[in-house]
Amino acid sequence: AWQQIVPPGLLTGDARHEVKVSSERGFTHIRLNIFPDGGVARLHVHGEVVPDPAVLAGLTFDLAALENGADVAGRSDPNYYSSPRNVISPGLSRVMGEGWETRRRRRPGHEWLVIRLAGPGTIRLAEIDTSWFRGNQPDTASLQTLDATTGASLSDKSAWRDLLPPTRLLPDTPHRFRVDGAPATHVRLNVFPDGGVARLRLYGSLTDEGLAVARRRWEETA
């Protein structure tokens, strides 16, 4: 039942080896074979999560979770202190470095982050968690949604709809807000003017179209 995705290749000592994989199938397990023996410091397998639609159908879940197939689609400043993906990673943040922290802004404007949801869905509860950020949390944050199934572009400012108006944030606190969102494919987190966020959770359910998209993705990788 095992399928080879990387053929045997020579390794050198004390080095990082990157190999492209062309397979479009979905996998649940990866087996690393070493010949004849030896040590490996890290194995990283980069790809995209494709959730089982049978598990998500009819349920309320975190539409912004990396483990459910969501991902970061854009950000205001690539020179961040920590990875934007931290904000949608599994589990709670254990230290400040496990969240998303921007640099102090020295020019007009504010920092932002765009999340592509696990699928077209409707959000009912939003959580902005500033745990471990004490004195360097954003002063204010807001949420906006966009439905790309209508052909709207992420760069079209008029296509974004308010989900949560600008709201003051407290340090080291999980903030939860009931929201009444329209169907969306993307959510933009705006922080004013900058600061750190440990986690962003967006609880809701897939629309009928979102469930159909999830089923197609699942079938394509089977």
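The dialogue below explains how to read several features of this predicted model.

Me: How does the span of helix α2 compare with what its 13 residues should give at 1.5 Å a residue?

Reply: Helix α2 covers residues 208-220, and its 13 residues should span 18 Å.

Me: Which residues of α2 are buried?

Reply: A residue counts as buried when its relative accessible area is under 20%. In α2, the buried residues are G210, L211, A214 and R217. Seen down the helix axis, these buried residues fall within an arc of 125°, so they line one face of α2.

Me: Why do residues three or four places apart in an α-helix point the same way?

Reply: An α-helix has 3.6 residues a turn, so residues at that spacing point the same way.

Me: Which exposed residues does the face of α2 turned away from its buried side carry?

Reply: That face carries D208, E219 and E220, which are exposed.

Me: What covers the buried residues of α2?

Reply: The cover includes α1 (53-56), β4 (111-129) and β10 (199-206).

Me: Strand β4 contains T122. Is T122 buried or exposed?

Reply: The relative accessibility of T122 is 13%, so T122 counts as buried.

Me: Which residues does T122 touch, not counting residues up to four places away in sequence?

Reply: With those neighbours left out, T122 touches L63, G181, A182, P183, Y203, G204, S205 and T207.

Me: I should now like to turn to pockets. How much space lies in the second largest pocket?

Reply: The second largest pocket holds about 240 Å³ of space.

Me: Which residues line the second largest pocket?

Reply: Its lining consists of H46, G47, E48, V49, L66, E67, G69, A70, D71, R85, P90 and R116. By class, the residues of this lining divide into five charged, four nonpolar and three polar.

Me: How should I read the backbone, and what do most residues and peptide bonds show?

Reply: Most residues other than glycine have a negative phi, and most peptide bonds are trans.

Me: Which residues does the cis peptide bond with omega of about -10° join?

Reply: That cis bond joins F35 and P36, and P36 is found in the segment before α1. Another peptide bond, from F192 to P193, is also cis, with omega near -15°. P193 is found in the loop between β8 (184-192) and β9 (196-197).

Me: What is the phi of D14?

Reply: D14 has a positive phi of about 50°, although D14 is not a glycine. D14 lies in the segment before α1 and is exposed, with a relative accessible area of 85%.

Me: Where is W132 found, and what is its phi?

Reply: W132 is found in the loop between β4 and β5 (140-146). W132 is not a glycine, yet its phi is positive, at about 80°. At 35% relative accessibility, W132 counts as partly exposed.

Me: How far apart are G39 and S153 in sequence and in space?

Reply: G39 and S153 are separated by 114 residues in sequence, and their C-alpha atoms are 47 Å apart in space. G39 has its place in the segment before α1. With a relative accessibility of 75%, G39 counts as exposed.

Technical notes. Residues are numbered from 1 along each chain as its sequence is written. This is a predicted model: local features need pLDDT of at least 70, side-chain atom pairs count only at pLDDT 80 or more; totals for chains, interfaces and linings use all residues. Side-chain values use heavy atoms; hydrogens and water are left out. Helices (H or I, at least four residues) and strands (E, at least two) are DSSP runs, numbered from the N terminus. The expected span of a helix is 1.5 Å times one less than its number of residues. Buried means under 20% relative accessible area, exposed over 50%, partly exposed in between (1.4 Å probe, protein chains only). The arc is that of the directions from the helix axis to the C-beta atoms. Contact means heavy atoms within 4.5 Å. On a 1 Å grid over the protein atoms alone, a cavity is a set of points where a 1.4 Å probe fits but cannot get out, and a pocket is an open set with protein on both sides within 12 Å along at least five of seven lines; lining residues have an atom within 4 Å of a point. Grid points are joined across faces, edges and corners, and a volume is the space filled by probe spheres set on the points. Ala, Val, Leu, Ile, Met, Phe, Trp, Tyr, Cys and Pro count as nonpolar, Asp, Glu, Lys and Arg as charged, and the others, Gly among them, as polar.
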